[in-house]
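Here are my notes on the model you sent over.

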Amino acid sequence: MSRLLGRTLERVCKAVLLLCLLHFLVAVILYFDVYAQHLAFFSRFSARGPARALHPAASSTTNCSRPNATAPSSGLPEASSARPGPMAPVLPPCPDSPPPGLVGRLLIEFTTPMPLERVQRENPGVLLGGRYTPPDCTPAQTVAVIIPFRHREHHLRYWLHYLHPILRRQRLRYGIYVINQHGEDTFNRAKLLNVGFLEALKEDATYDCFIFSDVDLVPMDDRNLYRCGNQPRHFAIAMDKFGFRLPYAGYFGGVSGLSKAQFLRINGFPNEYWGWGGEDDDIFNRISLTGMKISRPDISIGRYRMIKHDRDKHNEPNPQRFTKIQNTKLSMKRDGIASVRYRVLEVSRQPLFTNITVDIGRPPRG
C-alpha cells in the first residue's frame, strides 16, 4: 500500500513539474513577442530622422515653396513624410565605348529654314536651360557646352537643331550655355569662354567636362564623342573650310574640350586676345607648357561643316596676336581664369539653352 502511494505521489509531482515548465515556456514566448513588437515600434520611430537626411531634395523642395518657413519646434517629421516613398530605380552606367544608337556619318545642310519652335518639338526631353540627362543610364561625366556668341541667332538655330540629337544619342548629361557679349566693342572669344566656365559651375558645381564650341561648326559624325579624357581633346580637326584636313599640327581651334582639372591647370584661357585669331594657339601653348598633350579623333570622324558667313563687324584680325603667342610662357600665370573680370547683365533660361549676357569690358587703348 505504501509503495502504491509513493508511485502516485511521484507521478503527481512530475505532472506538476511538467505543468510549471509549460507555464514558464508560455510566459517566455509571450514576453519575447511583446518585446519584439516594442522593438519594431521604436526602430521605426528612430529610423525616421536618418530617412530625412538621406533625401535632402524633399526638404529643399519645401524650402523653395516656402522660403521663409521654419522647422517645427518639436523636430518630429510630419505624418505624411513618415511613409516611405517608392525607391528610385538604380540605373546602369552609360557605356564608355560608343553607345548603341549612334548613326555615324550625318548629312548636314543649312538651307532648310530652322525655327526654334521646330527644334524644341524635336527635343522634348531637353529641359529648360538646355539641360538633359539620359533616362536609361548614369553618365560618368557632366558636360557643359560653352558657346561664345554675338549676333549669330541664325547659326544658333542650326547648331541646336543638329547638336541636341547628337548629344542625346551619345548618352550625355549636359547643359548648353550661350555666352553673349554685350555691346559692339571688339569681340573676345577666349574671355567669353572663361566666363562660360565660371557661370556654368555657378549653376551646377558637378560639371567636370567643358566643351568649347564655335556656333558655326556642326560635327558630321556622331561618333565624335563630346567627352573629356586624360588629355585635352580637339574635336574639330577636319573642317570643310580647310579641305577636311588639319591646317597645321598646333591647331586647336573650333571645338575643344578640357576637364575641369585640365582647365584650371592651364589657368583657363587668355583674356587679352581682342579680335580674331591667336587665342587658340595660346591655349595650345598653355597645354604644352604644362606637360599635357592634345588628343584627337580619327580624321574620318572629326569632320565638321562650317556655316558660311562674312567676318563679323568688330572682330577684325588682332594685329598683336603673333607677339602675344610668343609670350605665352610669361603671360599664362597672370592672365587667365584667375584674373578674368566681367559683369553678368542677364541670365535667361530658354527651352533649348541658357543665355548669359555679359559685359566683358573693352580692349586696352594703344
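**Notes on the predicted model**

1. Let's start inside. The largest nonpolar core in this predicted model has 41 residues, and Ile176 and Tyr226 are the ones with the most contacts inside it. At least two residues of this core come from each of β2 (142-149), α4 (153-169), β3 (173-181), β4 (209-213), β5 and β9. Helix α4 gives the most, with eight residues.

2. Click on Tyr226 next. Setting aside neighbours within four places in sequence, Tyr226 is in contact with Val143, Leu163, Leu167, Gln170, Leu172, Ile211, Pro219, Phe235, Val255 and Tyr304. Apart from that core lies another one, of 29 residues, with Phe269, Trp274, Met292 and Val358 among them.

3. Now for β4. Five of the five residues of this strand are buried, so β4 is largely enclosed by the rest of the structure. Which way do the residues of β4 point? Cys209, Ile211 and Ser213 go one way, while Phe210 and Phe212 go the other way, and all are buried.

4. Strand β4 has partners to look at too. With β2 the pairing is parallel, over four bridges, and Val143 stands opposite Cys209. With strand β8 (residues 255-259) the pairing is antiparallel, over five bridges, and here Cys209 stands opposite Ser259. As background, strands of a sheet pair through backbone hydrogen bonds, in either the parallel or the antiparallel sense.

5. There is also an open sheet of three strands, in the order β5-β9-β7, with mixed pairing. Its edge strands are β5 (217-219) and β7 (238-239), each of which pairs on one side only. Three bridges join β5 to β9 (residues 303-306), and these two strands run antiparallel. If you want a pair to click on, Leu217 has Met306 in β9 as its bridge partner.

6. Helix α5 (residues 189-203) passes a simple length check. At 1.5 Å a residue, its 15 residues should span 21 Å, and the end C-alpha atoms are 21 Å apart, which agrees.

7. Is α5 enclosed or exposed? Buried residues make up 12 of its 15, so the helix is largely enclosed by the rest of the structure. The buried set is Arg189, Ala190, Lys191, Leu192, Leu193, Asn194, Val195, Gly196, Phe197, Glu199, Ala200 and Leu201.

8. After α7 comes Gly291, which has a positive phi, near 85°.

9. Finally, some whole-chain numbers. The secondary structure comes to nine helices and 11 strands, and 41% of the 366 residues count as buried. Among contacts with a separation of 6 or more, 82% are between residues 24 or more positions apart. The accessible surface comes to about 21,200 Å², and carbon and sulfur atoms account for 60% of that.

Note on methods. Residues are numbered from 1 along each chain as its sequence is written. This is a predicted model: local features need pLDDT of at least 70, side-chain atom pairs count only at pLDDT 80 or more; totals for chains, interfaces and linings use all residues. Side-chain values use heavy atoms; hydrogens and water are left out. The expected span of a helix is 1.5 Å times one less than its number of residues. Buried means under 20% relative accessible area, exposed over 50%, partly exposed in between (1.4 Å probe, protein chains only). Two strands pair if DSSP finds at least two bridges between them. A nonpolar core is a set of buried Ala, Val, Leu, Ile, Met, Phe, Trp, Tyr and Cys residues joined through side-chain atoms within 4.5 Å. Contact means heavy atoms within 4.5 Å. Accessible areas come from the Shrake-Rupley method with a 1.4 Å probe; for residues, only the protein chains shown count as cover.
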